[in-house]
Amino acid sequence: MRKFKVMSVFGTRPEAIKMAPLVRELAARPQIESLCCVTGQHREMLRSVMETFQLQANYDLDIMEPQQTLTSITTKTIQGMDNVLEQCSPDLILVHGDTSTTFAGALSAFYHKIPVGHVEAGLRTYDKYSPYPEEMNRVLVSDMADLHFAPTKTNAENLRREAIRGRIFVTGNTAIDAMRTTVRSDYRFTTDILNRLDFRTRRVIALTCHRRENYGRPMENIMRAIRDLISNRPDVEVVYPVHLSPRVRECAFSILGHVERVHLIDPVNVEEMHNLMARCYMVMTDSGGLQEEAPALGRPVLVLRRETERPEAVAAGTARLAGVERSKIVAMSSELLDDPRAYAKMAHAVNPYGDGHACQRIAQAIEWHFGLSQTMPEDFSP
């Protein structure tokens, strides 16, 4: 009997982190053939995740080029996917989240009349330019998808309010599943500076900042706020794995490159980042995934953006929206450093994003929807 063929398509580091445990979960199902197609939208950072989770791509579009644009990413992915889908003829295409790979992968599947499953569906800011281009990518994918795997009830409600077609499942976030295998108390970092930090006596802030909508003045404000923050706190250190984008690196190194106790390092692999968050004092980020991952580790998150498509963390008290204004960032981070009660309130809040079983729910939902199983998964509830 022919196995049901599911192809997972992803191209960036964050997608790979969240899709890797799902690819492996599907591979463990006897009735499913789990295939993996990577676009290479992020090349080096993608490779490190694949190695961490011991994944091999069945197809690699290898689209990355210097100074690539949104247009080149999208068109090269669609062209590459044409050849792959003609060769492979999968029964279902899975895409994740909101990247240009996500949009192009879903559009390719639509052109070939292949059903689409959208992992991490239903996130919204309702501002098409923030985050850019992610907000419009996920909205367009929602219109093409047949199965919507929403991490939370709020995400599912967004889809229902928009009268989105297809079946909606509330699954939790696969990022939490990934952390079950990456975070270890005996972990030893491969980045030397992280092994030399004393996480017990120093308050280490894990920082990431790379979003396109923060390019320019917002990112400069963030970097200057970090410089202000640690100037009179000798026990505070900042670790910033700097994105490979030339614009991000130019901003980071020009403002923070010579600041004492700010450690600008190259991007780290998923194990390094998860274990850094597990040991740090708090997280400051404009990333989406870290807003979900850090609360699972009991680490407060300050979101360095004007809005977030993950309001559940703010409502639960695990994250706060710090914006991109220098004075506000300094004030909110200072409160967490100077007020133990404010810190404890955030650190002990309940994580709304998952219980580590999202991949099981998604795989079960696929089997049930396509008649491979009689058991429908129960919705995730925190």
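Predicted model: local features only at pLDDT ≥ 70, side-chain atom pairs only at ≥ 80, totals over all residues.
Which residues line the second largest pocket?

1. Residues are numbered from 1 along each chain as its sequence is written, and side-chain values use heavy atoms, with hydrogens and water left out.

2. The second largest pocket is lined by P21, R24, E25, F53, D177, A178, R180, T181, G356, H357, C359 and Q360 (lining residues have an atom within 4 Å of a pocket point on a 1 Å grid; a pocket is an open set of points where a 1.4 Å probe fits, with protein on both sides within 12 Å along at least five of seven lines). Helix α7 (174–182) is among the elements supplying at least two lining residues, and its share, four residues, is the largest.

3. An open, parallel sheet is built from seven strands in the order β3-β2-β1-β4-β5-β6-β7 (strands, DSSP E runs of at least two residues, pair if DSSP finds at least two bridges between them). Because β3 and β7 each have a single partner strand, one side of each lacks a neighbour in the sheet.

4. N158 lies in helix α6, residues 153–161 (helices are DSSP H or I runs of at least four residues). N158 counts as buried because its relative accessibility is 8% (buried means under 20%, with a 1.4 Å probe and protein chains only). The N158 side chain reaches the backbone oxygen of G122 at 2.8 Å.

Terms used. Buried < 20%, exposed > 50% of the residue type's maximum accessible area, 1.4 Å probe, protein only. Polar contact = N/O pair within 3.5 Å; in protein donor to acceptor, adjacent residues only side chain to side chain.
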